[in-house]
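Please read them with the structure open beside you.

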Amino acid sequence: MEYKTVLLATCSLFVLVCFTGLKAAGTSGDGGGWSLDSGSSLQDEGLCNIDVLDASSLSHQQFLQRYAFSRPVILRGLTDNTRFRSACSRSRLLEEYGGSRVRLSTANTYSYRKVDVPLQEYVDVWLRPQSADVLGSETLYFFGDINRTEWRPLLDQYQSPPYVLPQTSEALSFGIAGPGSGVPFHWHGPGFSEVIYGRKRWFLYAPHQEPHFHPNRSTLSWVTETYPLLPEAEAPLECTISPGEVLYFPDRWWHATLNLDTSVFISTFLG
C-alpha cells in the first residue's frame with residue numbers, strides 16, 4: 001500500500017510538472033497578446049526556395065560576396081531581440097504608445113491615401129483580418145509612419161542586423177498588421193525585415209523580372225487568383241519568416257508581403 005501511495009504521488013508530481021511546463025510554454029508562445037484567435041490566421045506558408053542559413057555560418061564578408069548585391073537570404077540567429085520583443089507585446093505597447101498617433105497608408109503599390117489615428121484606435125478598429133475581395137487601395141495599413149522622436153525609446157531597444165553595406169546608413173520602419181494584410185509588389189533600396197510576432201510570407205522577383213499584378217489589388221487577392229496560374233518560369237522566390245528570422249532583400253528587387261497572423265514587424269532600410 002505504501003509503495004502504491006508513493007508511486008501515485010510521484011506520478012501526480014510528474015503530471016503537475018509537465019502541465020506547468022506546457023502552460024509556461026504556452027504563455028511564452030502566445031504571440032505577445034496579438035494572435036489569440038488562431039481561427040483568423042492563414043495556414044498556407046507556401047514553399048521556401050530562398051537560402052535559409054544560421055548566421056553563425058555566414059561571415060560578413062561572405063554575406064557581401066554571396067548575397068548583398070545578388071539575391072535574398074534568410075538568416076536565423078542574426079540578432080537577439082528578446083528585449084525588444086517583450087516591449088512590443090500588445091499590453092506594453094498600448095500602455096506606452098496607445099495615445100500616440102500613427103500614420104496609416106493604403107496597402108497598394110503607390111499608397112496614395114494617408115490617415116493619422118492613435119495607436120489604440122488602430123488596434124481596436126482597423127487591425128482586423130483582410131478579405132480577398134477588398135482592394136489594397138481601400139485597406140489602411142500601419143507599416144512605418146511614426147514620430148521618430150516620440151517612438152525613439154522603443155526603437156532604441158531594437159538590435160539591428162550587424163551586416164552593413166558599404167556607404168549606406170540605416171532607417172527603421174516599424175509596423176503592425178492583421179492576417180491577410182500585406183503590401184503588394186513594389187521595389188526600393190536594399191534592407192532587412194524581421195518579424196517580432198506572427199508570420200510573414202514573402203514573394204520576390206529580381207529587378208529584371210517585373211511581376212504581373214494590379215497595383216490596387218491586395219497581396220491576398222494576388223495569392224489566391226494570380227499566383228496559382230503562374231507558369232514555372234514566372235514563379236517568384238518565396239518563403240515565410242517567423243520570429244527569430246531575418247530576411248535580406250537586395251537593391252531594386254520586387255517584393256510583396258502577406259501577413260499570415262496578426263504580425264508585429266520591423267524593417268531596416270539601407271540607403
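1. Rings of Phe, Tyr and Trp (its six-membered ring) are taken to pair if their centres lie within 6.5 Å. On that basis a search of the whole structure finds 21 aromatic pairs, and ring pairs join F84, Y97, Y122, F142, W151, Y158 and F174 into a cluster.

2. On the basis of these notes: this is a predicted model, in which local features need pLDDT of at least 70 and side-chain atom pairs count only at pLDDT 80 or more, while totals for chains, interfaces and linings use all residues. Residues are numbered from 1 along each chain as its sequence is written, and side-chain values use heavy atoms, with hydrogens and water left out.

3. Nine strands make up an open sheet of mixed pairing, in the order β1-β2-β10-β7-β12-β6-β5-β3-β4; strands (E, at least two residues) and helices (H or I, at least four) are DSSP runs numbered from the N terminus, and two strands pair if DSSP finds at least two bridges between them. At the edges stand β1 (52-54) and β4 (114-118), each of which pairs on one side only. Neighbouring strands of this sheet are turned against each other by 30 degrees on average, direction ignored.

4. Within that order, strand β6 (residues 170-177) and strand β12 (residues 263-270) pair in the antiparallel sense over eight bridges, and A171 has F269 in β12 as its bridge partner. Helix α5 packs on the sheet, where it touches β3 (101-106), β4, β5 (140-145) and β6, contact meaning heavy atoms within 4.5 Å. The direction of α5 makes about 105 degrees with that of β4, angles running from 0 to 180 degrees between N-to-C directions of axes fitted to C-alpha atoms, for helices over the stretch in contact.

5. Helix α4 (residues 90-97) packs with helix α5 (residues 119-126) at about 135 degrees, their axes 8 Å apart. The two helices are therefore oblique to each other, since angles under 35 degrees count as roughly parallel, over 145 as roughly antiparallel, 65 to 115 as roughly perpendicular and the rest as oblique. R90, L93, L94 and Y97 in α4 meet L119, Q120, V123 and D124 in α5.

6. Three strands form a further open sheet, antiparallel and in the order β9-β8-β11. Here β9 (237-241) and β11 (254-259) are the edges, each with a single partner strand, so one side of each is left without a neighbour in the sheet. Strand β8 (residues 200-205) pairs with β9 over five bridges, and R201 stands opposite T240 in β9.

Methods: Rings of Phe, Tyr and Trp (its six-membered ring) pair if their centres lie within 6.5 Å; planes under 30 degrees apart count as stacked, over 60 as edge-to-face and the rest as tilted.
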